[in-house]
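Please look over the sequence and the model before turning to the points below.

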Amino acid sequence: AGLGTLSVMQDLRSESERLNEVKGHLEIALLEKHFLQEELRKLREETNVETLKQELERERSRRLDLEQKMNDVLKTRCEDSPPQPPRKQQPPAANGTDKQQKETVCSRLHSWLYDRFGVYIEDFRFQPEENTVEAEEPLSAKRLTENMRRLKRGARPVTNFLRNLSALSNWHSVYTSAIAFIIYMNAAWHGWAIPLFLFLAILRLSLNYLIARGWRIQWSIVPEVSEPVEPPKEDLTVSEKFQLVLDVAQKAQNLFGKMADVLEKIKNLFMWVQPEITQKLYIALWVAFISSCVLPYKLMGFMIGLYAGIKFFIIDFLFKSCPKLRDKYDTPYIMWNSLPTDPQLKERSNATVSRRIQPVVSRSSLATIPPGVTREEESGRPHNTKKGAFHEIFNLPEIERPLPVCENGWRCCLINRDRKMPTDYIRNGMLYVTENYLCFESSSSRSGSSKKNKVIKLVDITDIQKYKVLSVLPGSGMGISIATPSTQKPLVFGAMIHRDEAFETIFTQYMKIMTTANPET
């Protein structure tokens, strides 16, 4: 009976705590409602929309009255002014008639010239350039996805053309490539390479015209694969919109990265970043310049046409079929792959600087160790943080110091869900792991105060697992949840960039401590 009474009392106590918690939430909601009502009332008082409407109506009535008065005054002036007597016409003189005739002829000639050529003269009138600023559209997941699809559709003819050229060079269809090779080499031998390309362009435009008129003409060396078009979804959840934006952003990132690599390689080729590669281009340009000055253009065109045909149909086919041969003898391919991008140049410079500084640092570190002190004693010295000694900040023994993995700490925020105040609910700081403790140093704590810091014994941890603070975001989250007997709800260390590394370190050290504490298990 006593145990039943105790269980009933515990249930009543837990129910009363839940009621108090619900009561606290209701009070907070009522306070927020009252605050919003007060803000709305103040906003209405400050704006005074009704008074502004009344003043606007008054100003309109005043303007109408003034216009009416001005019209009345003008009418009275016109009525009061006496009629002017007609002037007497004097007989014109002979010189006056001649001048008038000249003026009429000049005016007629001027009007005739202006009517005929005035439109063209107006086109050459200089006007200041207007700087128009285009209105930027707000970020929208639907608009971003539609723009990416438009870009893909617009680039499809170019990609199809390049794919057909590659198939023609790879001899995907032996008969088609053989016919194209014979026709091209015959045209290049007789000097008709340029007319051949112009004829092919006219033929392509003619086919496009027939296709636009409704003809079904499909010719391609490589069969086109139609991609399934997904119907646009109207109602998307927040997580689906976020994932859609992430997918489009990833595609845009990869596309911009490839374009940036190409542009940076071209820039570095002409800026002598890789001198041995640019030197080859420099010599080739000089040879081409001297040849164009010495040899006749007909012979130059004949040589370039023959080389282009052999390179496109035979040499490229051999290089693509034999990669080892390409890596050894394909000079343009080797030059292009050897050209560095700007991030690669930055990595090279950093690696060079680190190689230069490393011996100096090692010698200086040996010099800083006083004589008679070994490296083990040096490594056993107390670790210091930005606010002082580590063991003094957390009130720990001097032997407790952060593990090498987290010597500088992991930046995170502590979410204590047992607290109600916002200042105590979330704290920013650094997380450390020692041999026996898990230490959180709050960034808002003063140098001499450790009230906001948190120290947890690894032995006292009852549960540790990865945690996702916001469930609407994709991924596994950026937090770690740690439960202890002293807290009702687990503590959450969120916003950790290196969450997986921190979790593995804490879990490994926790298992090590638990194994040593309970050797039988």
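Over which residues does pLDDT stay under 50? The stretch is residues 357–381, for which the model has 10 contacts beyond four places in sequence. The structure is a predicted model, and the mean pLDDT of the chain is 79.

**Confidence**

- Residues with a pLDDT of 70 or more make up 78% of the chain.
- Among the elements of the chain, the highest mean pLDDT, 93, belongs to helix 8 (residues 275–294).
- The lowest mean pLDDT among the elements, 41, is that of helix 13 (residues 375–379).

**The chain as a whole**

- The chain contains 16 helices and nine strands.
- Of its 521 residues, 19% are buried.
- Among contacts with a separation of 6 or more, 53% are between residues 24 or more positions apart.

**Annotated transmembrane regions**

- An unreviewed UniProt entry carries the annotation "transmembrane region" for residues 191–211 and 281–297.
- Residues 191–211 are 90% helix and 0% strand in the model, and the C-alpha atoms at the ends of this span lie 32 Å apart.
- Residues 281–297 are 88% helix and 0% strand, with 22 Å between the end C-alpha atoms.

**Helix 5 and helix 6**

- Helix 5 (residues 174–189) packs against helix 6 (residues 193–212) at an angle of about 135°.
- The axes of helix 5 and helix 6 are 7 Å apart.
- On the helix 5 side, I183, Y184, A187 and A188 take part in the contact, and they meet A193, L196 and F197 of helix 6.

**Helix 4 and helix 9**

- Helix 4 (residues 141–169) and helix 9 (residues 297–321) cross at roughly 85°, and their axes come within 8 Å.
- Helix 4 is therefore roughly perpendicular to helix 9, as angles of 65 to 115 degrees are counted that way.
- Helix 4 contributes L165, S166, L168 and S169 to this contact.
- Helix 9 contributes F312, F313, D316, F317 and K320.

Conventions:
Residues numbered from 1 in each chain as written. Predicted model: local features only at pLDDT ≥ 70, side-chain atom pairs only at ≥ 80, totals over all residues. Heavy atoms only, no water. UniProt positions renumbered as here; feature names shortened; annotations may be inferred. Helix = DSSP H or I, 4+ residues; strand = E, 2+ residues; numbered from the N terminus. Buried < 20%, exposed > 50% of the residue type's maximum accessible area, 1.4 Å probe, protein only. Contact = heavy atoms within 4.5 Å. pLDDT = per-residue confidence, 0-100. Axes fitted to C-alpha atoms, helices over the stretch in contact; angles between N-to-C directions. Parallel < 35°, antiparallel > 145°, perpendicular 65-115°, else oblique.
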